[in-house]
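User: I'm new to protein models, and I'd like to learn how to read one. Can we go through it feature by feature?

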Amino acid sequence: MAKAFDAEPLEYHDECLRRMTELTKRRAGWKEQTEEMITERKRMALFPSKNVEVIFPTEDLWVPVVRMGGKLCILPGVPRLFEALIEGMQPFIPLDPNRPRPYRLLVHTALPESTISPYLSKLNDMCKKEDIKVGSYPKWNGGVDVSLIGIELERLQEIAKDVEKEVEGKTIAQGKLGEEKKTAAL
């Protein structure tokens, strides 16, 4: 991305490193880190040096949002961090507060993502025509959450029935995006 935005070279961001270090000190075993582990962890604070903003939208996370050229925001893929940073970015992104919020349904399966991937590709192709977003998120405790996001809740529920059958799963949450209610225990 730095190349695409003519923002090289990459440089370590001091505030990000400071925050990362403070968080790491609270973890068990942090004193046993090898130099190699420290070097690899520091790579997460290596950012473009030109035409970039490093924004910390929340005080309780060390992870920043990196905005390139005032247009492209780079966020982490971990859902909990992504959602927290999106919420904190509201003052930085002019969004219409009256915009309709889409719905999201989550279908959980114990099957690995590699097993359901062919089906998810077909599902994604089908859903694109209806402007429904499909995502898959492996869980630390096993299995995968398949996410369906769209404007019409009834249509999402219809599709979720097929997803449940195809991935041997169960709908575990549904509702307006960011306000989903759990519908089943794992």
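User: Let's start with contacts. Which residues does Val 54 touch, not counting residues up to four places away in sequence?

Analyst: Contact means heavy atoms within 4.5 Å. With that rule, Val 54 touches His 13, Phe 47, Pro 64 and Val 65, once you skip residues up to four places away in sequence. Before we go on: this is a predicted model, where local features need pLDDT of at least 70 and side-chain atom pairs count only at pLDDT 80 or more, while totals for chains, interfaces and linings use all residues. Residues are numbered from 1 along each chain as its sequence is written, and side-chain values use heavy atoms, with hydrogens and water left out.

User: Where is Val 54 found?

Analyst: Helices (H or I, at least four residues) and strands (E, at least two) are DSSP runs, counted from the N terminus. Val 54 is found in strand 3, residues 52–55. The whole protein comes to five helices and 10 strands.

User: How does Val 54 count: buried, exposed or partly exposed?

Analyst: The words go by relative accessible area: buried is under 20%, exposed is over 50%, and partly exposed is in between (1.4 Å probe, protein chains only). Val 54 counts as partly exposed because its relative accessibility is 22%. For the protein's 186 residues, the buried share is 32%.

User: And how far is Val 54 from Asn 124, 70 residues apart along the chain?

Analyst: Their C-alpha atoms are separated by 33 Å. To put that in context, the C-alpha atoms of the protein fill a box of roughly 50 × 40 × 30 Å, taken along the principal axes.

User: Now a buried one, please. What does Cys 16 touch?

Analyst: Cys 16 sits in helix 1, residues 14–25. It counts as buried because its relative accessibility is 0%. Leaving out residues up to four places away in sequence, Cys 16 touches Met 44, Ala 45, Phe 47, Phe 56, Trp 62 and Pro 64. Take Met 44: it is 28 residues from Cys 16 along the chain, and the two C-alpha atoms are separated by 8.7 Å. Across the protein, residues 24 or more positions apart account for 59% of the contacts with a separation of 6 or more.

User: What about a charge over a ring? Which ring does Arg 19 lie over?

Analyst: The test is that NZ of Lys or CZ of Arg is within 6 Å of the ring centre and within 35 degrees of the ring normal. Arg 19 lies over the face of Phe 56, at 4.0 Å from the ring centre. There's also Lys 42, whose charged end sits over the ring of Tyr 12, 4.9 Å from its centre.

User: What is the phi of Glu 168?

Analyst: Glu 168 also has a positive phi, about 55°, and it is not a glycine. You'll find Glu 168 in the loop between helix 5 and strand 9. With a relative accessible area of 63%, Glu 168 is exposed.

User: Last one: which residues does Phe 82 contact, leaving aside its neighbours within four places in sequence?

Analyst: Those are Leu 75 and Pro 76. Phe 82 itself is in helix 3, and it counts as partly exposed because its relative accessibility is 36%. Its C-alpha atom is separated by 9.3 Å from that of Val 65, 17 residues away along the chain.
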